[in-house]
Each structure stands twice: as structure tokens, then as C-alpha cells.
Amino acid sequence: MACLVESSTVETSDGIKLHTRVFKPREEIKDNLVVVLVHPYSLLGGCQALLKGTALGLAERGYRAVTFDMRGAGRSTGRGSLTGFSEVKDVVAVCKWVCDNLSSDRILLVGSSAGAPIAGSSASQIEQVVGYVSLGYPFGLTASILFGRHHKAILQYPKPKLFVMGTQDGFTSVKQLRNKLSSAAGLVETHLIEGAGHFQMEGPAYDAQMADLITGFIAKL
């Protein structure tokens, strides 16, 4: 493996203990920016293991990446929430830990599936965040029952944003994505992956492509 993986425990403001992993390049670190990855919906089995391939890909490309199990997932304590608002505290705690322990003052937040609205609601609470990447943000009508209250935070967020989505995403159509992003503040990019479904894009076959898209976005920050 072309990187080092270290495990840690991060405590949130409300006493939850989060199992966290840091993926570090074996060779020279390209940038003091750290990529913090937020996993899919805990209540449907989402956990940090789903982001391991992307994190490894980022480390192989010279960037430090951090994954963690949100409350109630994997080896973290606590219970997952239905709408993901409690998990915002988890993202904030991990980003604070990154700044304190990895000597970084620049963070790129990346959210996958339901992790995207959670990361989006966290971004404005962390001054060190310099950009945001969504991998399959669930903007569609059904998903909005759970996550609709998160939309405003990321759409109004002024820093650069990249939205990656498969054209066959079962939760959000390309038209729904474009309609939502038409009102977004600041620099907004989209990248559509032809023929990819929502859960397919979370799979290992797309890890290298996700790492490439994220590193390409970092170069513009």
C-alpha cells in the first residue's frame, strides 16, 4: 500500500466518540490541505469503510485524507439521527481535530450520498473549509423529506463547490440537480458520470475516478 493508515478517536462536543482513520502519503505530502470524507446514511448501513478506496486514492495522489464513522456507525458510540442534524456535530468535531492534530488550516469537505447534505450543513461552521465536493447529493423529492432542511446551507455557501452525480441516479434527476444549483451562491461546478446509478457510484469501481475528480478540484482552490 502506497500510504500509511492511522486510527484515532475523536470526541464530539456532546461526548460521542468517533472512530477515525487518517490516510497519509508515504512520499512527500503535496499540500497542507486535508480532505475530510463524510460517509453515506448510517441508518442504511453507511460507514467509513465505503470511502476507504477514495481515501487511499487521495493518499496515493499526495493528499492526506480522513474518514470516520459518524455516531451510531461502525465502532463509534451514540445513535444515528433520522435527518442527519446530530451528525453535523461529528463533522465539526473531526475538522477541529484535523486542524489541531494534522497541522492543517485548509480542509476540503467531501460528502457521499446522505453524507453530502450533512457535510453541506457543516461547511459554514468550520472556517478552515476552503471548498466542498458532493458525490451524489440526494436532492430529489423523496430524499428531501429527510434531508430537505439541509439544502439551504450548501446552496447559500459562498466557497467553491463541485457536485458529482451519475446520470442514472435514482434519487435525483439531472434536471432536479440543475434546478437546485441554479440558485447556488459562489463558484459551482457539476460533473455528470454517464450511466452511473446512485449506489453504483459509491462502489469500488468508481473510487479512482472520484479521487481524480477531487484532486482536480483541489488544484483550482
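Modeller: What follows covers the pocket, then the aromatic pairs, then the cysteines.

The model is predicted. Its largest pocket has a volume of about 200 Å³. The lining counts 16 residues, and those closest to the centre of the pocket are Tyr41, Leu44, Ser113, Phe171 and Phe199. By class, the lining divides into eleven nonpolar residues, four polar and one charged. Two helices, α4 (141-147) and α7 (198-201), each supply at least two lining residues. The largest share, three residues, comes from α4.

Now the rings. The count comes to six aromatic pairs. One of them is stacked: the ring centres of Tyr137 and Phe139 are 4.0 Å apart and the planes meet at 15°, under the 30 degrees that stacking requires. Tyr137 and Phe139 are both buried. Another pair involves two residues from the pocket lining, Phe171 and Phe199. Phe171 and Phe199 are edge-to-face, with 5.7 Å centre to centre and 75° between the planes. Phe171 sits in the loop between β7 (161-168) and α6 (174-181), while Phe199 belongs to helix α7, so this pair ties together parts that are 28 residues apart in sequence. How accessible are the two rings' residues? Phe171 has 33% relative accessibility and counts as partly exposed. Phe199, at 53%, counts as exposed. The cut-off for exposed is over 50%.

There is also an aromatic cluster. Tyr132, Tyr137, Phe139 and Phe163 form it. The stacked pair of Tyr137 and Phe139 therefore belongs to this cluster.

Last, the cysteines. How many disulfides does the structure hold? The number is zero. Cys47 is in no disulfide, and the nearest cysteine sulfur, in Cys3, is 18 Å away. Cys47 counts as partly exposed, at 22% relative accessibility. For Cys95, the closest cysteine sulfur is that of Cys99, at 6.9 Å. Cys95 is buried, with a relative accessible area of 0%.

Phe171 and Phe199 are among the lining residues closest to its centre, and the two rings form an edge-to-face pair.

Conventions: Residues are numbered from 1 along each chain as its sequence is written. This is a predicted model: local features need pLDDT of at least 70, side-chain atom pairs count only at pLDDT 80 or more; totals for chains, interfaces and linings use all residues. Side-chain values use heavy atoms; hydrogens and water are left out. On a 1 Å grid over the protein atoms alone, a cavity is a set of points where a 1.4 Å probe fits but cannot get out, and a pocket is an open set with protein on both sides within 12 Å along at least five of seven lines; lining residues have an atom within 4 Å of a point. Grid points are joined across faces, edges and corners, and a volume is the space filled by probe spheres set on the points. Helices (H or I, at least four residues) and strands (E, at least two) are DSSP runs, numbered from the N terminus. Ala, Val, Leu, Ile, Met, Phe, Trp, Tyr, Cys and Pro count as nonpolar, Asp, Glu, Lys and Arg as charged, and the others, Gly among them, as polar. A disulfide is a pair of cysteine sulfur atoms within 2.5 Å. Buried means under 20% relative accessible area, exposed over 50%, partly exposed in between (1.4 Å probe, protein chains only). Rings of Phe, Tyr and Trp (its six-membered ring) pair if their centres lie within 6.5 Å; planes under 30 degrees apart count as stacked, over 60 as edge-to-face and the rest as tilted.
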